[in-house]
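Me: I've got a model open and I'd like to learn how to read it. Can you walk me through it?

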Amino acid sequence: MTTKIIFSGFGGQGILTLGQIVATIAMKKGHHVTWMPSYGAEMRGGTANCAVVISDKLIGSPLVDTNIDALCAMNDASVTKFLSKVKPGGNAFINSSIVTESPKRDDITIREIDATNIATKVGNPKVANMVMLSGFLKDTDLFTMEDIEGALHDTFGQKYPKLIPLNIEAIKAGA
Amino acid sequence: MSKKVLMKGNEAMCLAAIMAGCKAYFGYPITPQNEIPEYMSQHMEESGGVFIQAESEIAAINMVYGAAAGGVRAMTSSSSPGIALKQEGISYLVGSDLPCVIVSVSRGGPGLGGILPSQADYFQSTRGGGNGDYYIPVYAPSSVQESVDLTIKSFEIADKYRTPVMVLVDGLLGQMMEPVEIKDYKPTLIEKPWATNGDSGRRKRNIVNSLSLNAEGLEETNLRRFEKYKEILKTEEMVENHVKDGDEMAIVAYGTPSRIVLNAIDILAEQGIKAGLIRPVTLWPFPYSTFANLPSSVKNILVCELSMGQMIEDVRQGVQGKHPIHFYGRTGGVIFSPEEIAKKAAEVAKGGA
């Protein structure tokens, strides 16, 4: 089975890091995985997105243009660009703190998550990306809370171990 | 012992270079390879090596000349217009029989072009823009793991044959992350009695130079170099050939686009069209013989490149008119989708294109 995920939002929202955490989880679970960022002239405040492909066989193209299995959209531009490309039966996780329009698709599962507000309450709006992971925990069987904790230790463990508890708290607050 | 880590292609090639005993890196920033000088600036010193951000690409390749002449494993990296600037230096390195590794992370051209992935530097890499009779080995990995393995191999090949070696990837592979298995590796460094490394007056002084004003002498040097090329052509060719008896089409692609072709081949299989991938891993030496011995079931060959068609000339030379050759490419940084390739291949199979 092959799962294609798009993470998309403003530069600075932790979109690329979020994709990297999910890719690390997949790697640790023994799957094949690719992580591919958009790398145009991106900057803080502009748009950023990355594609993560997880599969039990060798992955061909690391690019994801259509047939998205799961979309994590953290701003309006992301919804406009990618919601129509989620395949029927797929999942969309929308950061409803920032996305103004109510997304319309009745052939996919949409979960609106008040991510930025929840993150602010937990202590730092920067962990809104992690709150979005709670949607994956509820609606997909891609990974568990324990998997996330393991990947966080791999990603932040050496340089920023102090950040791990806040990130875990953020995910739990979203659940 | 080995461990698995998630790494970007650009960073993984740096790690591989350091594992291979690279002790001198010189570079100048250009997208999409900036992670290379960034990584090297952090890690060369701690591994006992040297990192210098040169004042230009030309300066960087000439610093490589100096370091290589001194006998250490040296590397530079750049992207398309930057590699164009390095061509003079590459020719001088060849002319002085100096080993080094050049990483080329190509982007759209000509000129300053764009920053998105492209394969329009096939001619630049395999034919070279430097003057004189020469070739350099060119490796074209298609995954982050392979870019690690082939970077290490490039340093070995460079020393073995005293030649610059190029690792050619497109921006896609430079930017993407994949799990990489990092195995324990200890480089085998060979003696370099020709190196200008001082040696405290114990031997006659060495001179490293590409100037030779005596025509017969220069011819002899060139003939000797081509003996070396003969050996490389005979032993260093690498290719992945998935074409099986019964396949009606061979699709040829190198680098990351070969992975997009694999997706297209799955789509074609659903339509009942049997196709197999041929992926040249070394672009020079090019695996010509693979194309001379294809199964008789192969009716058509489709070459897919992120360019207007450059490798297709080598494919033609290999096929020698035995099979019709078709082409599908996108250029300027546009990347083809598996569906586009499958559509073209289906047309070819029906005899329409």
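What follows is a short tour of chain B, from overall fold to backbone details.

Me: What should I know before I start?

Reply: This is a predicted model, so local features need pLDDT of at least 70, side-chain atom pairs count only at pLDDT 80 or more, and totals for chains, interfaces and linings use all residues. Residues are numbered from 1 along each chain as its sequence is written, chains are lettered from A and ligands numbered from 1 in the order in which they are written, and side-chain values use heavy atoms, with hydrogens and water left out.

Me: How many helices and strands are there in chain B?

Reply: Helices (H or I, at least four residues) and strands (E, at least two) are DSSP runs, numbered from the N terminus. Chain B has twelve helices and 14 strands.

Me: What does the radius of gyration tell me about chain B?

Reply: That radius is taken over C-alpha atoms, and the globule rule is 2.2 Å times the number of residues to the power 0.38. For 353 residues a compact globule would come out near 20 Å, and the 21 Å of chain B agrees with that. Along the principal axes, the C-alpha atoms fill a box of roughly 70 × 50 × 45 Å.

Me: How many of the residues count as buried?

Reply: Buried means under 20% relative accessible area, exposed over 50%, and partly exposed in between (1.4 Å probe, protein chains only). In chain B, 56% of the 353 residues are buried.

Me: And what about contacts in chain B?

Reply: A contact means heavy atoms within 4.5 Å. Take the contacts between residues at least 6 apart in sequence: 80% of them join residues at least 24 apart.

Me: Now the backbone. Which peptide bonds are worth a look as cis?

Reply: Most residues other than glycine have a negative phi, and most peptide bonds are trans. Here, the bond from Gly109(B) to Pro110(B) is cis, with omega near 0 degrees. Pro110(B) sits in the loop between strand E5 (100-106) and helix H5 (122-126). The bond from Trp284(B) to Pro285(B) is cis too, with omega near 5 degrees, and Pro285(B) lies in the loop between strand E12 (282-284) and helix H10 (288-292).

Me: Where is Gln320(B), and is it buried or exposed?

Reply: Look in the loop between helix H11 (312-319) and strand E14 (325-329). Gln320(B) counts as exposed because its relative accessibility is 64%. Its phi is positive, near 50 degrees, though it is a residue other than glycine. Asp97(B), also not a glycine, has a positive phi of about 50 degrees, and its place is the loop between helix H4 (80-95) and E5.
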